Amino acid sequence: MPGCCCSPFECAANQQFNQKKVAQELRRYRQKGPGPTTRLLADGIVQSAPISGTVLDIGSGVGALTFTLLERGASSAIAVDASAAYVSAARDEASQRGRADAVRFVHADFVAAASELPSASLVTLDRVVCCYPSCTQLLEAAVAHTEHCLALSYPREVWYVRAAMGLENGQRRLGRNPFRTFVHPTAMIESIISRAGFRLSSRSESWVWSADVYVRG
């Protein structure tokens with residue numbers, strides 16, 4: 001993107017998740033609550049481990065999972081997102097919910113800023129893995145920041161999901177939008193996380209998404 005001084009991923013995220021799109025998502029969240037993957041992850045986390053301490057929410061969006069986990073026992077949260085519009089909307093929502101003091105908002109590409117961020121008891125990535133061209137870099141940085149529990153949702157590795165994402169990427173290409181989504185191999189995701197000393201505790205699937213919770217040990 002001409003004139004952009006941020007990382008390529010951050011520039012693409014800012015274009016994809018602009019103020020108009022984020023405002024629509026925030027209205028939907030306020031009307032209907034958290035989306036399906038957010039609910040699946042929250043339920044899986046509750047079943048896998050007590051929720052306490054700090055949450056590091058990577059790709060936090062409007063804050064749906066952040067606020068859900070604070071309501072379920074987390075004491076504080078660090079919400080990181082590459083979209084400036086998302087960070088602004090989530091910060092406003094935190095103020096409305098009386099949670100402004102409990103959440104630190106960071107506008108950054110997590111992979112680029114990982115060395116500057118602290119570890120957390122619980123690390124979450126809700127519909128974020130699919131946004132990164134290299135899930136290896138993302139997941140290796142995420143597990144390095146995870147003290148106890150890692151929860152993530154990502155597209156299932158099935159033909160109709162690949163077809164749908166291919167169509168969406170084609171439309172973005174025609175519109176000169178650099179943002180892309182990816183279906184990464186499930187086996188690779190599992191391998192990266194398990195090599196870091198985590199075991200799968202919970203997995204829930206919809207037609208499109210897998211929502212996994214891993215715990216250390």
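Colleague: Let's start with one side chain: what relative accessibility does Glu157 have?
Modeller: This is a predicted model, where local features need pLDDT of at least 70, side-chain atom pairs count only at pLDDT 80 or more, and totals for chains, interfaces and linings use all residues. Residues are numbered from 1 along each chain as its sequence is written, and side-chain values use heavy atoms, leaving out hydrogens and water. With a 1.4 Å probe and protein chains only, buried means under 20% relative accessible area, exposed over 50%, and partly exposed in between. Glu157 falls in the partly exposed class because its relative accessibility is 38%.

Colleague: Which residue pairs with Glu157 in a salt bridge?
Modeller: A salt bridge here is a side-chain nitrogen of Lys or Arg within 4 Å of a carboxyl oxygen of Asp or Glu. The one at Glu157 has an N to O distance of 3.5 Å. Its partner counts as partly exposed too, at 42% relative accessibility, and that partner is Arg162.

Colleague: How many salt bridges does a search of the whole structure find, then?
Modeller: Side chains of opposite charge can pair when their charged atoms come close. Searching the whole structure for such salt bridges gives a total of 9.

Colleague: Where does Arg203 sit, the residue that Glu190 meets in a salt bridge?
Modeller: The side chains of Glu190 and Arg203 meet at 2.8 Å, N to O. That pair links distant parts of the chain, 13 residues apart. Helices (H or I, at least four residues) and strands (E, at least two) are DSSP runs, numbered from the N terminus. Glu190 is in helix α9, while Arg203 is in strand β6, residues 198–205.

Colleague: Apart from Arg203, what does Glu190 touch beyond four places in sequence?
Modeller: Contact means heavy atoms within 4.5 Å. Glu190 counts as partly exposed because its relative accessible area is 28%. Leaving aside neighbours within four places in sequence, Glu190 is in contact with Arg203 and with Tyr214.

Colleague: What is the N to O distance between Glu71 and Arg97?
Modeller: Glu71 counts as exposed because it has 52% relative accessibility, whereas Arg97 is partly exposed at 35%. Their side chains meet in a salt bridge, with an N to O distance of 3.1 Å.

Colleague: Is Thr68 buried or exposed?
Modeller: Thr68 belongs to helix α4, residues 64–71. Not counting residues up to four places away in sequence, Thr68 touches Pro34, Thr38 and Ala42. Since its relative accessibility is 10%, Thr68 counts as buried.

Colleague: How much space lies in the largest cavity?
Modeller: On a 1 Å grid over the protein atoms alone, a cavity is a set of points where a 1.4 Å probe fits but cannot get out, a pocket is an open set with protein on both sides within 12 Å along at least five of seven lines, and lining residues have an atom within 4 Å of a point. Points are joined across faces, edges and corners, and a volume is the space filled by probe spheres set on them. The count comes to 1 cavity of 30 Å³ or more. Residues including Ile45, Ser52 and His148 line the largest cavity, whose space is about 50 Å³.

Colleague: And which residues lie closest to the centre of the largest pocket?
Modeller: The largest pocket has a volume of about 1100 Å³. Of the 49 residues that line it, the closest to its centre are Phe17, Glu25, Tyr86, Asp126 and Arg127.
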